[in-house]
Amino acid sequence: MTIDYAELKRLAEAATPGPWSARTDDLCYAVTTLGRFRIIVGSAPADDPEPDALFIAAANPAAVLELIAELESANARLHEVAVACATAEQERDQLKAENEPLRKDAERYRWFRNQHWDGSAICAVVDPKQSTKLGAYCPSEKLLDEAIDAALTMSKEASHG
């Protein structure tokens with residue numbers, strides 16, 4: 001069932017404002033304090049017409065308008081939450097993209113710090129100008145990353161093979 005909220009709102013705004021109360025005789029009515037009767041449904045059931053009359057009185061224009069306002073407010077909040085979720089997803093994706101190079105650097109560092117000068121092709125040297133001989137290969141930045149990555153890959157392959 002699809003409810004036409006705009007039409008329901010228009011009808012509620014055009015209806016007698018109330019307050020409304022329930023009254024039963026051989027027909028079910030909603031009665032305003034102005035004393036005007038509005039026939040809401042046909043013949044009342046022979047058994048107990050009061051529940052229908054009470055419901056009709058409770059579903060008065062003010063109640064309907066309040067329900068519509070609450071629905072509109074909830075929909076607006078839902079939209080705000082959807083926008084916040086989309087923003088959070090974008091931020092998460094950006095952080096994941098920023099995290100990948102950091103994860104790779106951390107893996108390199110953890111591997112590199114475990115290397116010992118006498119058993120590894122790559123190791124850290126303190127005071128390289130005084131500790132290394134002329135012509136020694138001392139990579140830095142991207143070249144160091146590539147050398148570590150190659151040695152790390154060889155180390156992983158050796159441990160699996």
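This is a predicted model: local features need pLDDT of at least 70, side-chain atom pairs count only at pLDDT 80 or more; totals for chains, interfaces and linings use all residues.
The protein contains five helices and three strands. Along the sequence, these elements follow the pattern α-β-β-β-α-α-α-α. The chain has 161 residues, of which 17% count as buried.

Helix H1 covers residues 5-14 and includes Leu-8. Leu-8 is partly exposed, because its relative accessibility of 34% falls between the 20% and 50% cut-offs. Together with Met-1, Ile-3 and Tyr-5, Leu-8 makes a nonpolar surface patch of about 450 Å².

Helix H3 runs from residue 61 to residue 113. At 1.5 Å a residue, its 53 residues should span 78 Å. The C-alpha atoms at its ends are 75 Å apart, which agrees with that expectation. At the start of H3, a side-chain oxygen of Asn-60 comes to within 2.9 Å of the backbone nitrogen of Ala-62. Further along, H3 has a kink of about 30° at Asn-99. The kink lies shortly before a proline, Pro-101.

Several residues of H3 are buried. Among them are Pro-61, Val-64 and Ile-68. The buried residues of H3 also include Glu-107, Arg-108, Trp-111 and Phe-112. An α-helix has 3.6 residues a turn, so residues three or four places apart point the same way. Trp-111 has a relative accessible area of 11% and is therefore buried. The C-alpha atoms of Trp-111 and Asp-149 are 9.5 Å apart in space, whereas the two residues are 38 apart in sequence.

Side chains of opposite charge can pair when their charged atoms come close. The whole structure holds 10 salt bridges.

Lys-104 and Asp-149 form a salt bridge with an N to O distance of 3.8 Å. Lys-104 has 27% relative accessibility, so it counts as partly exposed. Asp-149 has 19%, which places it under the 20% limit, so it counts as buried.

In the salt bridge between Glu-107 and Lys-156, the closest N and O atoms are 2.6 Å apart. Glu-107 counts as buried, because its relative accessibility is 17%. Lys-156 counts as partly exposed, because its relative accessibility is 39%.

The side chains of Arg-108 and Asp-145 also meet in a salt bridge, at 3.6 Å from N to O. Arg-108 is buried because its relative accessibility is 12%. Asp-145 has a relative accessible area of 27% and is therefore partly exposed. Arg-108 and Asp-145 also belong to a network of salt bridges that includes Lys-104, Asp-105 and Asp-149.

Ile-122 lies in the loop between H3 and helix H4 (128-131). Its relative accessibility is 13%, so Ile-122 counts as buried. The C-alpha atoms of Ile-122 and Ala-151 are separated by 7.8 Å, although the residues are 29 apart along the chain.

Glu-141 is found in helix H5. Its phi angle is near 50°, a positive value in a residue other than glycine. Glu-141 counts as exposed, because its relative accessibility of 67% is over the 50% cut-off.

Note on methods: Residues are numbered from 1 along each chain as its sequence is written. Side-chain values use heavy atoms; hydrogens and water are left out. Helices (H or I, at least four residues) and strands (E, at least two) are DSSP runs, numbered from the N terminus. The expected span of a helix is 1.5 Å times one less than its number of residues. The bend at a residue is the angle between axes fitted to the seven residues ending there and the seven starting there. Buried means under 20% relative accessible area, exposed over 50%, partly exposed in between (1.4 Å probe, protein chains only). A polar contact is a pair of N or O atoms within 3.5 Å; within protein, one must be able to donate a hydrogen and the other to accept it, and residues adjacent in sequence count only if both atoms are side-chain atoms. Patches are made of residues with over 30% relative accessible area and no salt bridge: like charges are joined within 9 Å, nonpolar side chains (Val, Leu, Ile, Met, Phe, Trp, Tyr) within 5 Å. Accessible areas come from the Shrake-Rupley method with a 1.4 Å probe; for residues, only the protein chains shown count as cover. A salt bridge is a side-chain nitrogen of Lys or Arg within 4 Å of a carboxyl oxygen of Asp or Glu.
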